[in-house]
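I opened the model and went through it by topic. These are my entries, in the order I made them.

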Amino acid sequence: MSEPLTVVDHPLVQHKLSIMRDKGTSTASFRQLLHEITQLLAYEITRELPMTTRMIDTPMEPMDAPVLAGKKLALVSILRAGNGMLDGVLDLIPSARVGFVGLYRDETTLQPVQYYFKVPESLEDRLVIAVDPMLATGNSSAAAVDLLKQAGATNIRFLCLLAAPEGIARMQEAHPDVPIVTAAVDRGLNEQGYIMPGLGDAGDRMFGTR
C-alpha cells in the first residue's frame with residue numbers, strides 16, 4: 001500500500017462504528033458490527049493485492065481471467081481481541097492462513113508481555129495482515145510486528161478498528177514500512193492508556209467479560 005495511514009470514512013463504516021461506541025449496545029450486536037466493519041475495512045487493506053491471470057472457460061468462450069498471485073496471504077490475530085476481526089476477513093479470503101500472537105498489556109507499565117506465538121510457515125513469501133481492534137499506545141502492536149518480522153515477514157499491513165495518535169506515532173516510528181488501515185483516529189489516550197472517546201475495552205465488550 002502506498003499510504004502509511006488510511007482512514008476508511010465510508011458512511012456505513014462510520015454509522016456502524018457509532019453504534020459500537022454506544023455503551024448500551026449488546027455483546028451480540030457489538031460482535032456482529034465488528035464482523036461487518038472488518039469486512040468493509042478488509043476491502044481497503046486488500047485493494048493492492050498482486051494479480052496474475054489464468055485461462056478459464058466461461059459458458060461463452062475461453063478467456064484469460066484475473067486471479068490473485070503468489071502464496072495465500074496470512075492473517076495474524078493479536079490475542080485476544082484480534083479474534084473478533086478474523087472471521088470478517090476470512091469471509092472474504094477463506095483460503096488465508098491464520099496465525100496468533102498472544103500479548104497482554106501490563107497495566108502498570110503499559111508494556112506488552114508475550115505468552116503465545118504461532119504463525120504460518122513461509123511468512124517471507126506472504127502478505128501478512130495483523131489484526132487488532134484497538135491501536136492505543138501502540139506498544140503491543142509494535143511488539144507483535146517485531147515478532148512477525150523475526151519470523152520472516154517482510155510485507156506486513158496492520159488492520160484496526162480505532163487508533164489513537166499516540167499509537168499511530170509509535171507504530172510509524174518502530175515500523176514505518178507497515179501501512180495502517182483503520183475506521184477512525186480518536187482524540188488520544190487517558191491515563192490508563194485507553195482510547196478516548198473510544199468504545200471501552202474491545203475484548204470485554206466482544207466477549208461479555210470485565
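**Salt bridges**

I looked up the pair aspartate 186 and arginine 21 and found their side chains joined in a salt bridge at 2.8 Å, N to O. The term stands for a side-chain nitrogen of Lys or Arg within 4 Å of a carboxyl oxygen of Asp or Glu. This pair links distant parts of the chain: aspartate 186 sits in the loop between β12 (184-185) and β13 (188-189), arginine 21 in helix α1, and they are 165 residues apart. Helices (H or I, at least four residues) and strands (E, at least two) are DSSP runs, numbered from the N terminus. Aspartate 186 counts as buried because its relative accessibility is 8%. Arginine 21 has a relative accessible area of 24%, so I list arginine 21 as partly exposed. For these classes I used under 20% relative accessible area as buried, over 50% as exposed and anything in between as partly exposed (1.4 Å probe, protein chains only).

The model is predicted, so local features need pLDDT of at least 70 and side-chain atom pairs count only at pLDDT 80 or more, while totals for chains, interfaces and linings use all residues. Residues are numbered from 1 along each chain as its sequence is written, and side-chain values use heavy atoms, with hydrogens and water left out.

How many salt bridges does a search of the whole structure find? The search returns 5. I noted two others besides the pair above. Arginine 47 and glutamate 44 meet through their side chains at 2.9 Å, N to O. Arginine 47 is exposed because its relative accessible area is 58%, whereas glutamate 44 counts as buried at 19% relative accessibility.

The side chains of aspartate 177 and lysine 149 also form a salt bridge, at 2.9 Å, N to O. Here again distant parts of the chain are linked: aspartate 177 is in the loop between α5 (165-174) and β11 (180-182), lysine 149 is in helix α4, and 28 residues separate them. Aspartate 177 is partly exposed, with a relative accessible area of 45%, and lysine 149 is partly exposed at 31%.

**Arginine 205**

Arginine 205 is buried yet has no salt bridge. The nearest side chain of opposite charge, aspartate 22, is 6.2 Å away; Lys and Arg count as positive and Asp and Glu as negative, with His and the chain ends not counted.

Which backbone oxygen does the side chain of arginine 205 reach at 2.7 Å? It is that of methionine 20. The backbone oxygen of leucine 199 lies 3.0 Å from a polar atom of the arginine 205 side chain. Not counting residues up to four places away in sequence, arginine 205 touches Met20, Arg21, Asp22, Lys23, Thr25, Thr27, Phe30 and Leu199; contact here means heavy atoms within 4.5 Å.

**Nonpolar cores**

The largest nonpolar core has 36 residues, and Leu159, Leu161 and Leu199 have the most contacts inside it. Such a core is a set of buried Ala, Val, Leu, Ile, Met, Phe, Trp, Tyr and Cys residues joined through side-chain atoms within 4.5 Å. At least two residues of this core come from each of α1 (11-21), α2 (27-45), α3 (83-92), β7 (127-131) and α6 (202-207). The largest share, 7 residues, is from α2. Apart from this core lies another, of 24 residues, including Val101, Leu135, Met171 and Val178.

I listed the contacts of leucine 159, leaving aside neighbours within four places in sequence: Thr38, Leu41, Ile45, Met85, Val89, Ile129, Ala130, Val131, Asp132 and Val181.

**Helix α4**

Glycine 152, which follows α4, has a positive phi near 110°.

**Backbone geometry**

I found a cis peptide bond from leucine 79 to arginine 80, with omega near 0°. Arginine 80 lies in the loop between β4 (74-79) and α3. Methionine 196 and proline 197 are also joined by a cis peptide bond, omega about 0°, and proline 197 is in the loop between β14 (195-196) and α6.

Serine 122 is not a glycine, yet has a positive phi of about 55°. Its place is in the loop between β6 (112-118) and β7.

Terms used:
Polar contact = N/O pair within 3.5 Å; in protein donor to acceptor, adjacent residues only side chain to side chain.
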